[in-house]
Structures are given as structure tokens and as C-alpha cells.
Amino acid sequence: MNRMTWFNAVSLTLGFAFLYIPMVILVIFSFNESKLVTVWAGFSTKWYGELLQNDAFLNAAWVTLKVAVFSSTMATVLGTIAAYVLVRGGRFMGRTLFSGMIYAPLVMPEVITGLSLLLLFIGIGLDRGVLTIVLAHTTFSMCYVSVVVSSRLVSFDRSLEEAALDLGCSPAEAFRLVTLPIIAPAVISGWLLAFTLSLDDLVIASFTSGPSATTLPIKIFSAVRLGVSPEINALSTIMISIVTVGVITASLVTKHQVARQKREEQAAVRA
């Protein structure tokens, strides 16, 4: 067993400090009394109240949440189907092209993806708005879901499905009752990853959004160009809290699923 050396400990500490100290500073200064984000003038929560009165930020946040929920749900469904086809479909005509199209957004620059989608929407005459952002985010986040779910399906014990089929289940019932509950932690992780990517996206959304739909990253970027305000710190703190709660909830759900699966396997072995 490898022991933790002083070099590893220092490297790990510096790495975590580099990642999380800026977030901690941002959270602290979201409670700053002063309008200057670099000068501490006392503890106050007034900027959270000011944020709740800012209709522009609230509308952008609502658009972002709608886009993130719909696009991550669509990406999870399509990504799971694509992963199932790639892992269980064997060799079929066009497999190489299909897998290349699925994984292309992983290596494609976001500027190219956003510009190509913009030209597509203009070509088909689709007005830019919430729908176009949802379609764009579904397109580039589906590949991430497919990678996560594929890694779980590769290590899946297919004898469980075969047992369900022998007991009279149809293929669809075997997938719904056996396969899907087992790969559920990977599906949930894929949904959270797609949700986070959509929540964070700026480049692709800037190409596919319209005057009637402005996402929160675009609004924050536009506001930061004029100077960082304490309201942005408060908004960022709320976003960090939402993501943290989501990650903790997903971890607890995954842990519960794994524990239940182990209990069911042990009960099956005893039986």
C-alpha cells in the first residue's frame, strides 16, 4: 500500500487551495457591506436582497434553469440510448461513423460548434431563443452522458439480463426492471454533468441565443465587462450552493443504490 509522502501531501494541498480558495473568497465577499468588491466594510446580506430586486438577473437565471433542465434531460435520454447501442449493438454498418458523430463534440472547439449550429438554425429559418439554446446544449452534452453510461454498461453483468429473460421478461421489461436500476447511478451522474455543462456554457449560448433569451453566463459576462458588482458575488454564491447541494444529493443517492444492490446480491446468493 502506498503511503502519503510529504511531497504528495503538499501537492494535494496546493492543488485544492488553487481550486477552492478563490471560491471561498468570492463567497466571503458576497456578504460585504461595501460596493467595492476588494474592500471589506463589514458583514451584510443586503446584496442578496438587491439581487432579488434585479429583474434582469432573475429572468436570465430562469432562462438558464429552464435550458439546463430540458437540455440535460434530453441529453441523458439520447446519450443513454447511444451508449446502449454502442455497447450492446455489436458491429453494424455505419458504427464507426455513428460513434464518431457521438464523440465529436468532445474534441470540437465550442466556437466551431456554436457557429455551425448558428448557421444551421439560420438555414432552416428557426428563430433563436430558448428552443435553439436547448437544442444546442443537448447536442454538445449528449456525448458526455454517452461516455459515462458506456463505462457502466461495459462492466455490466449481462447474466442478470439473461436471467430476467429466462424468467419471462421481454427485452424492454428486462431493461426497465434490471438494467436501468443498476446503471441508474451512471445515468444520474450523466444528467448532473450535462446540467452543469449547460449551466456553465457561455460560448455556444452566445451563438444560439436571441434577444428574447439571455442566459445567466451571458448576462454575468456582460455585467463583468463594466465592473464586478457585489450582486454578481451573491449570485455566484447561490449557484455554488445549488451545485454543491446537487452533488451531495447525487452522492447520497448513488451510495444508497450501491448499498441496495449489494444487499440484493447477497440475498440472491443466500437464496
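Which helix holds the place of Ala164? Ala164 sits in helix H7, which covers residues 159-166. Helices here are DSSP runs of H or I with at least four residues, strands are runs of E with at least two, and both are numbered from the N terminus.

Before going further, a word on the model. This is a predicted model, in which local features need pLDDT of at least 70 and side-chain atom pairs count only at pLDDT 80 or more, while totals for chains, interfaces and linings use all residues. Residues are numbered from 1 along each chain as its sequence is written, and side-chain values use heavy atoms, with hydrogens and water left out.

## The chain as a whole

The protein chain has 11 helices and zero strands. Read from the N terminus, its elements run α-α-α-α-α-α-α-α-α-α-α. Its C-alpha trace spans about 70 × 55 × 35 Å along the principal axes. Of the 271 residues, 33% count as buried; buried means under 20% relative accessible area, exposed means over 50%, and partly exposed lies in between (1.4 Å probe, protein chains only).

An unreviewed UniProt entry places the feature "domain: ABC transmembrane type-1" at residues 61-253. UniProt positions are given in the numbering used here, feature names are shortened, and annotations may be inferred rather than shown by experiment. In the model, residues 61-253 are 82% helix and 0% strand, with end C-alpha atoms 26 Å apart.

For "transmembrane region", the unreviewed UniProt entry lists residues 12-31, 67-87, 99-124, 130-154, 174-194 and 232-253. Residues 67-87 are 100% helix, and the end C-alpha atoms of this stretch are 29 Å apart. Residues 232-253 are also 100% helix, with the end C-alpha atoms 31 Å apart.

## Back to Ala164

Is Ala164 buried or exposed? Ala164 is buried, because its relative accessible area is 9%. Leaving aside residues up to four places away in sequence, Ala164 touches Cys169, Ala174 and Val178. Thr64 is 100 residues from Ala164 along the chain, and their C-alpha atoms are separated by 41 Å.

## Two pockets

Pockets are found on a 1 Å grid over the protein atoms alone: a pocket is an open set of points where a 1.4 Å probe fits, with protein on both sides within 12 Å along at least five of seven lines, and lining residues have an atom within 4 Å of a point. Grid points are joined across faces, edges and corners, and a volume is the space filled by probe spheres set on the points.

The largest pocket holds about 530 Å³ of space. It is lined by 18 residues, with Met23, Asp200, Met239, Ile240 and Val243 the closest to its centre. Helices H1 (6-29), H8 (171-200), H10 (216-224) and H11 (230-270) each give two or more residues to this lining, and H11 gives the most, with seven.

The second largest pocket has 12 lining residues, and those nearest its centre are Leu160, Ile182, Gln261, Glu264 and Glu265. H7, H8 and H11 each supply at least two of its lining residues, and the largest share, six residues, comes from H11.

In the table, Ala, Val, Leu, Ile, Met, Phe, Trp, Tyr, Cys and Pro count as nonpolar, Asp, Glu, Lys and Arg as charged, and the others, Gly among them, as polar.

| Pocket | Volume | Lining residues by type |
|---|---|---|
| Largest pocket | about 530 Å³ | 14 nonpolar, three polar, one charged |
| Second largest pocket | about 320 Å³ | seven nonpolar, two polar, three charged |

## Aromatic pairs

The whole structure contains six aromatic pairs. Rings of Phe, Tyr and Trp (its six-membered ring) pair if their centres lie within 6.5 Å; planes under 30 degrees apart count as stacked, over 60 as edge-to-face and the rest as tilted.

Trp6 and Phe7 form an edge-to-face pair, because their ring centres are 6.1 Å apart and their planes stand at 90°. Trp6 is exposed, with a relative accessible area of 68%, and Phe7 is exposed at 51%. Tyr84 and Phe175 also pair edge-to-face, at 5.3 Å centre to centre and 80° between the planes. Tyr84 lies in helix H3 (residues 55-88) and Phe175 in helix H8, so this pair ties together parts that are 91 residues apart in sequence. Tyr84 is partly exposed at 28% relative accessibility, and Phe175 is partly exposed at 25%. Finally, Phe31, Phe43 and Tyr48 form one aromatic cluster.

Conventions. Contact means heavy atoms within 4.5 Å.
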